[in-house]
Amino acid sequence: MYCGKCGTLVESDIMYCPNCGNKIIDINQSTQKQQSIKKKRLPRLLGIVVGAVVFVVLICFFINGSGYRKTLNNYCKAYENNDVDLMHSSVVAQYWTKYMGSGSHRDVEDIMKNNVRKWGCGEITKISYTINSEKRATKEELEALEDNIYVWLAHCVYDEDEFNISDAYVLDVDLIIYGTEGMNSIYFPNGLLLIKENGEWRIPFGPIKCSFYSNQ
């Protein structure tokens, strides 16, 4: 082994060069140390990469897979607060409110009153829900659903290229209704349909009959 400063041949077991006093560095030991450091860093880097992938998947899940939850939460909140405006502006399908025009607000209010009366719990204080399962529409099912809704009503307020359903779910969901006169549990026999209409999640009204969903 040679001194890295003056080039003097030195024994492998000494720490300093006898000629110039320079500290002797064993290249083999240095290389082994660097390799050891790299091996220790590798699991940490893998952990960071895996964590980043999981984070991205979760973000995509909440943005895409469960974007309808905000609409479902607003549905419950509208009943809890007797908030017709919230139901009208953030829950009910846009094509329906556009079609009904100025009378749609009153119709939404009547529908909410009829449901509260039917549920038999008095004034609603809280609604909780449990999603037992969800079914997402395929591309072909989305096209059929969009055609069905457009032909039934949406064509009255949209040109064909203005109306778009980019995503849809049918939920098997149970609602627990709490009111001033008791509680009740309800479900939707055909499932609860939520559609992403022109970029916003909504609950459609009226008759629908296609391969993905039917309330007929």
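Start by selecting the hairpin of S4 and S5: two residues lie between the strands, and Asn198 there takes a positive phi near 50°. Strands here are DSSP runs of E with at least two residues, helices are runs of H or I with at least four, and both are numbered from the N terminus. Before moving on, note that this is a predicted model, in which local features need pLDDT of at least 70 and side-chain atom pairs count only at pLDDT 80 or more, while totals for chains, interfaces and linings use all residues. Residues are numbered from 1 along each chain as its sequence is written, and side-chain values use heavy atoms, with hydrogens and water left out.

**The strands around the hairpin**

Show S4 (192–197) and S5 (200–202) together. They pair in the antiparallel sense over three bridges; two strands count as paired if DSSP finds at least two bridges between them. Click on Ile195 and you will find it opposite Arg202 in S5. Colour S4 by accessibility: five of its six residues are buried, where buried means under 20% relative accessible area, exposed over 50% and partly exposed in between (1.4 Å probe, protein chains only).

**The core**

Next, select Tyr75, Met87, Tyr95, Leu145, Ile149 and Phe212, which touch the most other members of the 49-residue largest nonpolar core. Such a core is a set of buried Ala, Val, Leu, Ile, Met, Phe, Trp, Tyr and Cys residues joined through side-chain atoms within 4.5 Å. Centre on Leu145: leaving aside residues up to four places away in sequence, it touches Ile165, Ala168, Leu193, Ile195, Ile208, Cys210 and Phe212, a contact being heavy atoms within 4.5 Å.

**Helix H5**

Which residues of H5 are buried? Select Ser104, Asp107, Val108, Met112, Asn115 and Trp119. They cover an arc of only 135° around the axis, so they sit on the same side of H5; the arc is that of the directions from the helix axis to the C-beta atoms. Look at the other side of H5 for Arg106 and Arg117, which are exposed. The buried residues pack against H2, H3, H4, S1, S2 and S3. After the helix comes Gly120, with a positive phi near 70°.

**Aromatic pairs**

Finally, show the rings: the whole structure holds ten aromatic pairs. Rings of Phe, Tyr and Trp (its six-membered ring) pair if their centres lie within 6.5 Å; planes under 30 degrees apart count as stacked, over 60 as edge-to-face and the rest as tilted. Tyr68 and Trp201 have ring centres 6.0 Å apart and planes at 80°, so this pair is edge-to-face. Tyr68 lies in the loop between H1 and H2 and Trp201 in S5, so the pair ties together parts 133 residues apart in sequence. Both Tyr68 and Trp201 are buried.

For a last stop, select the aromatic cluster of Tyr95, Tyr150, Trp152, Tyr158 and Phe163. Within this group, Tyr95 counts as buried at 0% relative accessibility, whereas Trp152 is partly exposed at 32%.
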